[in-house]
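Subject: Structure handover

Hello,

Here is the structure you asked about. Please open it alongside this note and follow along.

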Amino acid sequence: MENQDENRSKTLLTRLKPAEYKCIYSSFKKTRFNKLSEYCRSVLLSKPVVVTYRDKSMDEMLEELALLRKELNAIGNNLNQAVRQINSAHGNADNRLWLNLLSIIGSKVDPAIGQIKERMQSFSDLWSQKLKPEEVSAVQ
């Protein structure tokens with residue numbers, strides 16, 4: 001193991017052609033490293049390099065999921081606005097009927113919306129590689 005107190009004081013200067021640099025940089029961008037120097041150090045010292053893989057075929061599905069999430073939020077907002085309006089006009093018999101209906105609808109819709117949002121978030125996390133596939137199946 002490397003000594004924690006030891007600073008990196010040695011420099012390794014390497015000259016590259018633009019095409020070589022572009023190749024190394026594109027490989028670096030596919031990893032989880034934040035700095036190019038970390039990536040180069042790992043490669044040069046034969047340490048493991050975690051490469052992220054993004055399935056581009058899922059892009060369209062994720063865009064659709066994002067639109068679905070936006071629509072679900074809009075439905076929830078509309079439902080909340082309707083309930084607020086009914087609550088503000090209390091006393092009228094029709095309003096009490098609507099209030100009862102909306103509370104029943106809300107009690108059925110809110111848990112379903114929550115489940116859909118959780119499921120969409122787990123798919124999003126899987127796609128962005130925040131979770132491993134076995135963790136997503138445990139969430140579902």
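A term to start with: two residues are in contact when heavy atoms of theirs lie within 4.5 Å. One caution too: this is a predicted model.

Leaving out residues up to four places away in sequence, Val-51 touches Lys-30 and Thr-31. Arg-32 also belongs in this picture. Val-51 and Arg-32 are 19 residues apart in sequence, yet their C-alpha atoms are 6.6 Å apart in space. Val-51 sits in the loop between α2 and α3. Is Val-51 buried or exposed? Its relative accessibility is 53%, and the cut-off for exposed is over 50%, so Val-51 counts as exposed.

Now the overall layout. The protein chain has five helices and zero strands. Read from the N terminus, the order of elements is α-α-α-α-α. The protein chain has 140 residues, and 13% of them are buried. Take the contacts between residues at least 6 apart in sequence: 36% of these join residues at least 24 apart.

Next, the packing of two helices. The axes of α1 and α2 are 10 Å apart, and the angle between the helices is about 95°. Angles of 65 to 115 degrees count as roughly perpendicular, and α1 and α2 are therefore roughly perpendicular to each other. Which residues make the contact? From α1 come Tyr-21, Ile-24, Tyr-25, Ser-27 and Phe-28. From α2 come Leu-36, Tyr-39 and Cys-40. By class, this contact has seven nonpolar residues, one polar and no charged ones.

The largest pocket holds about 670 Å³ of space. Its lining has 19 residues, and the closest to the pocket centre are Leu-12, Ser-37, Cys-40, Arg-41 and Leu-44. Two elements give two or more residues to this lining: α1, at 18–29, and α2, at 36–44. Which element gives the largest share of the lining? That is α2, with seven residues. Sorted by class, the lining of the largest pocket has ten nonpolar, four polar and five charged residues.

Ser-42 is in helix α2. Its relative accessible area is 9%, and under 20% means buried, so Ser-42 is buried. What does Ser-42 contact, leaving aside neighbours within four places in sequence? The partners are Phe-33, Lys-47 and Val-49.

Ser-46 lies in the loop between α2 and α3, and α3 spans 59–88. Its relative accessible area is 67%, which is over the 50% cut-off, so Ser-46 is exposed. The backbone is worth checking here. Most residues other than glycine have a negative phi. Ser-46 has a positive phi, near 55°, and is not a glycine.

That covers what I found.

Best wishes

Definitions and conventions: Residues numbered from 1 in each chain as written. Predicted model: local features only at pLDDT ≥ 70, side-chain atom pairs only at ≥ 80, totals over all residues. Heavy atoms only, no water. 1 Å grid on protein atoms, 1.4 Å probe; cavity = no way out; pocket = protein on both sides within 12 Å on 5 of 7 lines; lining within 4 Å. Points joined across faces, edges and corners; volume = space filled by probe spheres on them. Helix = DSSP H or I, 4+ residues; strand = E, 2+ residues; numbered from the N terminus. Nonpolar A, V, L, I, M, F, W, Y, C, P; charged D, E, K, R; others polar. Axes fitted to C-alpha atoms, helices over the stretch in contact; angles between N-to-C directions. Parallel < 35°, antiparallel > 145°, perpendicular 65-115°, else oblique. Buried < 20%, exposed > 50% of the residue type's maximum accessible area, 1.4 Å probe, protein only.
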